[in-house]
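This report goes through selected local features of one protein chain. Please keep the sequence and the structure at hand while reading.

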Amino acid sequence: MRALCWNGVDELAVRTVPDPVPVNPHDAIVRVRLSTTCGSDLHFLGGYLPGMRAGDVIGHEFMGEIVETGSEVNSLRVGDRVVVPSFIGCGSCRFCDQELYSACDTTNPNAALQQPLLGHPSGGIYGYTHPFGGYQGSHAEYVRVPFADTNCFVVPEEVTDKQALFCSDAVPTGLMGAEFCDITPGDTVAVWGAGGVGLMAGHTSRLLGAERVIVIDRFDERLEVARRRFDAETIDYSAVDSVQDALLTMTGGRGPDACIDAVGMEGHGTGLQHLYDRAKQLLRLETDRATALRQAALACRKGGVVSVLGVYGVTDKFPMGVFTNKGLTLRTAQQSGQRHMPRMFDYIAQGDLDPTYLVSHDLPLEDGVRGYDLFKNDKRGCLRVVLRP
């Protein structure tokens, strides 16, 4: 089959690789109909997350059609149109029982690679470094899905392929971040980052009852999407002296009730702090430019919630004193899309959410290298690239 592979730092190639085959009777093989780029892919593409090997198939956000099932797969049939959450759950461990599928105790065969850094391993994920399981990814013609009864969701007829695609990762990540905020009527939620996840976090914050959503970014094309799609107020951080001061002014001196960081370790900023973080990251003296996280902590009102969706490594200068003295709650996780799937399908079917506005480019898989170049380097014109095998 053809697949988009990682060959080294900032080096991708579309290659012919072996077709996946079932490994155990709980597996299914899915023919990929659509997959999409994700901002977290850029971290290992740029060499900030270790554990990739030349030839690894990348991608973790996809939907497709069942073409083969193992003998112990009970809820799926060949021909079913399905969407698959990016993190893999077994469905029966203690954490899956609590709907914490991304913390699954079973699906990461390379747990020993994570344990020294995390203390306990996460679940496995498709196409995302060997410490996260070493699974082959979704930018390919076919994908093996372990524990298919837990991880494949049949797409309702009223939900299109593109709508279902974003239920794999972008929508559930944003929805999880909004849920972390414990939104009550009248609340103001600020979101750092107007990429796919940030837009979904802002949109679902509205659906959960936020009175105001303020989105912070530097690209007006993306901020315009937030204004148009869910009536967000916006801040171009490159045009203000201080994001914190701007938010205080907009909230009558109080600060947002909750802040969502949808940026992560390669956050862009301004001034000397950004230059300092950028230099240390380039020299590999730190893993993260935690601009958004620090700003969110400073801006959030006392007693508020900081919800972190961006991917981080080992963060320098974590503002622990800010959290302590302001009584902030920090909530974060990798998304467990299995838990959110019924609600996402309902939002789409009812017309409350159509995540296809994230699509800026629709390309064949053979153009995957160009797709990632656009996604990484054309922030004004490229929001999400959909790849079609």
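His 268 counts as partly exposed because its relative accessibility is 33%, where buried means under 20% relative accessible area, exposed over 50% and partly exposed in between (1.4 Å probe, protein chains only). His 268 lies in the loop between β14 (258–261) and α10 (271–282); helices (H or I, at least four residues) and strands (E, at least two) are DSSP runs, numbered from the N terminus. In sequence, His 268 and Thr 291 are 23 residues apart, while their C-alpha atoms are 6.8 Å apart in space.

The model is predicted: local features need pLDDT of at least 70, side-chain atom pairs count only at pLDDT 80 or more, and totals for chains, interfaces and linings use all residues. Residues are numbered from 1 along each chain as its sequence is written, and side-chain values use heavy atoms, with hydrogens and water left out.

| Residue | Relative accessibility |
|---|---|
| Thr 129 | 4% |
| Cys 5 | 0% |
| Cys 152 | 5% |

Thr 129 sits in the loop between β8 (124–125) and β9 (142–145). Leaving aside residues up to four places away in sequence, Thr 129 touches Phe 44, Pro 50, Gly 51, Met 52 and Gly 134, contact meaning heavy atoms within 4.5 Å.

The structure holds zero disulfides, a disulfide being a pair of cysteine sulfur atoms within 2.5 Å. Cys 5 is in no disulfide, and its nearest cysteine sulfur, that of Cys 38, is 18 Å away. For Cys 152, the closest cysteine sulfur is in Cys 167, at 14 Å, which is too far for a bond.

Helix α14 (residues 368–377) has Gly 368, Gly 371, Tyr 372, Leu 374 and Phe 375 buried. These residues are on the same side of α14 because they cover an arc of only 160° around the axis, taken from the directions from the helix axis to the C-beta atoms. Among the elements covering them are β1 (2–8), β2 (11–16), α1 (41–45), β17 (359–364) and β18 (384–388).

Helix α13 (residues 337–349) has 13 residues, which should span 18 Å at 1.5 Å a residue; the end C-alpha atoms are 17 Å apart, which agrees. The expected span is 1.5 Å times one less than the number of residues. A kink of about 30° in α13 is centred on Arg 343, the bend being the angle between axes fitted to the seven residues ending there and the seven starting there. Buried residues of α13 include His 340, Met 344 and Phe 345. Just after α13, Gly 351 takes a positive phi of about 85°.
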